[in-house]
Amino acid sequence: MEHRISDIQYCENLFNRFYDIGSTESGGVTRLGYTEVEDSMHQEFISLGHELGCTNYEDEVGNTYVANSPEDGYFLIGSHLDSVINGGRYDGVAGIIAGLMVLRWAKEDNLKLPIRVGAFRCEESSNFGCCTIGSGLITKEVYKQDIGGLCAKDGETLESVFKRKGYSLHPSRISGVRRYLELHIEQGKVLEECQTPIGIVGTIAGPRRFRMYLRGMAEHSGATPMLMRADALCAAAEIILEAERVGKKEAVYQSVATVGVVENHPNVLNVIPGEVELGVDIRGIEVSSLNRMEKDIRESAEQICRRRGVEYLDEKISEIPPIDMSDTVQLGLEQAAKRLGIMSRRMLSGAGHDAMSFAGICESGMVFIPCLKGISHNRTEFAAIVNICDGARVIYEYLKGETA
Ligand code: HGY
Ligand code: MN
Ligand code: MN
């Protein structure tokens, strides 16, 4: 789709206003949830909203909203401004930029539609091990249990962060949301490979996460014979490969399994690893496949540790089921793309998103745009400004259709 130069320039300006925040030496960004860096992103978001003549407010868990009207029954365009460690600059940010572009077009066209853009805190599991904390708490859809005990990378508990910032772990549920819409980079290769500018998400794969605790025996690496060891890291190595094997077995159901966290203690050259913590992330769109993976990985881990004389303990830290987006919204977005002459395709999301939190309280939909080679959660993540404009236009066209 052809875009006005002014729209391309505005989109670039928005991207550049966030660009430097949380920059790392290796060229990526680290903007962990519920940290001062994420606060800076939210401050920039508020300034950009004010420049559009919008108001802003913060909810009880620190999510920030920019609104063109105080009216209830509003359309909420959301995403997040936190990132993984040394991640890219488009994951989440592209969705917030799209929301601001929609607000600007609605203002230009004097469109009488209450629209709010929401930046949800701590969407990534990188800081507290759990994802979509801001949107999951405010919708009361994800975290029914108390998550105050979750520990950030720096050791502070979520409860302590909330106390310090005056937030509540038990907020009133968000209200007045008529539809939830989110634009996001695909974080996969499908759109790029099939040269389609717009993806319309049908189902978001459900993420389940576990911590595994392995306790062997820390001993002298030189004086302890090979057959007399309880090496926790060797047990972990077997478990990691087993998780990969199980994930590959279930790949036919679009499931995946990853061990993304390995904490080895004491992690020094001349001591046999005594204790290891693993973080396991499995995803899938079929609950039966998720259940098989969970069972297989945990049972195998227990057997591996028993055989090696290593104590084993695990705990599930989060489980969100596969979530379907609204059929009506999917159709509406598809028709909007068609009216604009932009090619679109229905697709799945392997990654989790704040839209998971909203699907249970209002009709929700997601628009994907391509990212270079499907790379994400990596400093080389890249999406073209014109693709962000395409996606934002589809959302705006959908909203205009809602006024008819
Ligand atoms: O991990 C995810 O699925 C997302 O990037 N939060
Ligand atoms: Mn992400
Ligand atoms: Mn994201």
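Is glutamate 44 buried or exposed? I looked, and glutamate 44 is buried, with a relative accessible area of 18%. My cut-offs: buried is under 20% relative accessible area, exposed is over 50%, and partly exposed is in between, using a 1.4 Å probe and protein chains only.

**Ground rules.** I'm working with a predicted model, where local features need pLDDT of at least 70, side-chain atom pairs count only at pLDDT 80 or more, and totals for chains, interfaces and linings use all residues. Residues are numbered from 1 along each chain as its sequence is written, chains are lettered from A and ligands numbered from 1 in the order in which they are written, and side-chain values use heavy atoms, with hydrogens and water left out.

**Glutamate 44, continued.** I found glutamate 44 in helix α2, residues 36-51. Helices (H or I, at least four residues) and strands (E, at least two) are DSSP runs, numbered from the N terminus. Next I checked contacts, meaning heavy atoms within 4.5 Å. If I skip neighbours within four places in sequence, glutamate 44 touches Arg17, Phe18 and Ile21.

**Proline 207.** This proline sits in strand β7, and proline 207 is buried at 1% relative accessible area. What is in contact with proline 207, leaving aside its neighbours within four places in sequence? I get Cys131, Ile282, Arg283, Ser318, Glu319, Ile320 and Met356. I also looked up threonine 30, which is 177 residues away from proline 207 along the chain; their C-alpha atoms are separated by 22 Å.

**The sheet around β7.** Strand β7 belongs to an open sheet of 4 strands in the order β8-β9-β7-β10, with antiparallel pairing. Strands β8 and β10 (311-319) are at the edges with a single partner strand each, so one side of each has no neighbour in the sheet. Neighbouring strands here are turned by 15° against each other on average, direction ignored. Strands β8 and β9 run antiparallel and are joined by 9 bridges. I picked out valine 262, and its bridge partner in β9 is leucine 278. Then I noticed helix α8 (residues 287-308), which packs on the sheet and touches β7, β8, β9 and β10. The direction of helix α8 makes about 5° with that of β7. For such angles, axes are lines fitted to C-alpha atoms, for helices over the stretch in contact, and the angles run from 0 to 180 degrees between N-to-C directions.

Reminder: most residues other than glycine have a negative phi, and most peptide bonds are trans. Where is proline 266? It's in the loop between β8 (256-265) and β9 (275-284). The peptide bond from histidine 265 to proline 266 is cis, with omega near 0°.

I found positive phi values too. Asparagine 110 has a phi near 50°, and it lies in the loop between α3 (93-108) and β4 (115-120). Lysine 373 has a phi near 55°, and its place is the loop between β13 (363-369) and α11 (385-403). Asparagine 110 is exposed at 52% relative accessibility, and lysine 373 is exposed with a relative accessible area of 52%.

**Leucine 227.** My last stop was the loop between β7 (206-215) and α7 (232-249), where leucine 227 lies. With 87% relative accessibility, leucine 227 counts as exposed.

Definitions and conventions:
Pairing = 2+ DSSP bridges.
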